[in-house]
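Please look over the sequence and the structure shown here before reading further. The paragraphs below then lead from one chain to the other.

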Amino acid sequence: MSPGAAVLTPSQPSTATTLFDREVVSTRASRGLEQFFTYVRGQAGLSILDLAGASQENINFITNLGHKLYSEDFVRSLDDVFRGEDQSNASRIEQFLRHTLNFENERFDGVLVWDVLQYMTPTLLTATLERLRTIVRPQSYLLTYFHSDEKAQQVPFYSFRIQDQQHLLLAQRGMRKPAQIFNNRSLEKLFQQFESVKFFLTREQLREVIVRR
Amino acid sequence: MPFKTPEPESTRGQASIGKAVKINGQIYSKEDLYVDGDVEGTIELQEHRLTIGPNGKVHSSVKAREVVILGNVQGNVDASDKLEIRKDARLVGDIKTARIIIEDGAYFKGSIDIVKPEPAKASGSTPPRPQQSAPAPASNAQGAAVAAEVKH
């Protein structure tokens, strides 16, 4: 499969491959990824947090750059803690943050957030971003993805696997209903506590966003 | 010709803690160890291989030359040579190892610190640097068409 192939849709079955029992994978170019690693590859020994769960590809890529990797499966934790219940429950939110982002003695130089923020309702999302802001160093970067199809009832959610600095393999883990759909304006507002937000508008209804602390 | 069932690889030529066994305390072994039961404490195998079986539940720090996890580990893992986290295994803890293999379907939460073994001393040689591909020039590749930046 050639790098830069579009995200797979049912109309493009010829480029699909099966990873697990039911996963569909595709490879795509990612300007956001390229920018993120341009920022963090200048020096070794940085701390990078990956919220997509551990994968061999991401471990290899990040540790080969000489960085220390922290791994957390955010979507899985979201399901484990809330189990489909109200995401605005304060004690559950605290439990979730304690479970996922409890890094008292660690500050990160970059966070691969991927597409997980769009599955959070406003209260949980606000609390999560506030916690993320406290655990990353100033001038560090977050890489996030948001589906941009405002009419979508469900969107594919992915395991993001780094192939190289410019290419990602997206392994579809299933379909999820986004809690919120964001446009550029709402994303600016969402990250207003951060220093800057940079968008990469793709042809695949997947918006790449680089956020600077 | 009669077929002889091979002995499971996981228990061949090594000490074994069965799935009905529970141990609280320190385990120190000078041979390979297979743990399919519950262990709370520490496990240390100098220069040997530790395998946590599919029924194994380990709440302890683990130190060995090679660690293979098929079950559940909660604790830090120090594998001087190699760590394998197999499909359906679960590890919550920090990892220090030279090499790591994680299968799809495994769950891992924690940090990974890759510690390369000391290279053999050779006069005039320098330790190898991590492989890094040269940064490619920005391209307007398919999938990334427009960039916009907002500064707050």
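Predicted model: local features only at pLDDT ≥ 70, side-chain atom pairs only at ≥ 80, totals over all residues.

Residues are numbered from 1 along each chain as its sequence is written, and chains are lettered from A and ligands numbered from 1 in the order in which they are written.

Chain A contains 6 helices and 10 strands. Helices (H or I, at least four residues) and strands (E, at least two) are DSSP runs, numbered from the N terminus. Of the 213 residues of chain A, 47% count as buried. A residue is buried if 20 or more other C-beta atoms lie within 10 Å of its own, exposed if 12 or fewer, and partly exposed in between, with C-beta atoms placed from the backbone.

Helix H3 of chain A, residues 74-82, shows how burial can be arranged. Its buried residues are A:Phe74, A:Val75, A:Ser77 and A:Leu78. Seen down the axis of H3(A), these buried residues fall within an arc of 160°, so they line one face of the helix; the arc is that of the directions from the helix axis to the C-beta atoms. An α-helix has 3.6 residues a turn, so residues three or four places apart point the same way. The cover over the buried residues of H3(A) includes helix H4 (90-100) and strand S7 (155-164) of chain A. Just after H3(A), A:Arg83 takes a positive phi of about 45°.

In chain B, attention turns to strands. Two strands pair if DSSP finds at least two bridges between them. Strand S2 (residues 22-29) of chain B is hardly covered, with 0 buried residues among its 8. S2(B) runs parallel to S4(B), joined by 8 bridges, and B:Asn24 stands opposite B:Glu40 in S4(B). Strand S4 (residues 38-52) of chain B also pairs in the parallel sense with strand S5 (residues 57-69) of chain B, over 12 bridges; here B:Glu44 stands opposite B:Lys63 in S5(B). S5(B) is joined in turn by 7 bridges to strand S7 (residues 77-85) of chain B, and the two run parallel. The bridge partner of B:Ile69 in S7(B) is B:Ile85.

Which residues have the most contacts inside the largest nonpolar core? They are A:Leu51, A:Val111, A:Leu112, A:Val113, B:Val67 and B:Ile69, in a core of 89 residues. A nonpolar core is a set of buried Ala, Val, Leu, Ile, Met, Phe, Trp, Tyr and Cys residues joined through C-beta atoms within 7 Å.

Definitions and conventions: Contact = placed C-beta atoms within 7 Å.
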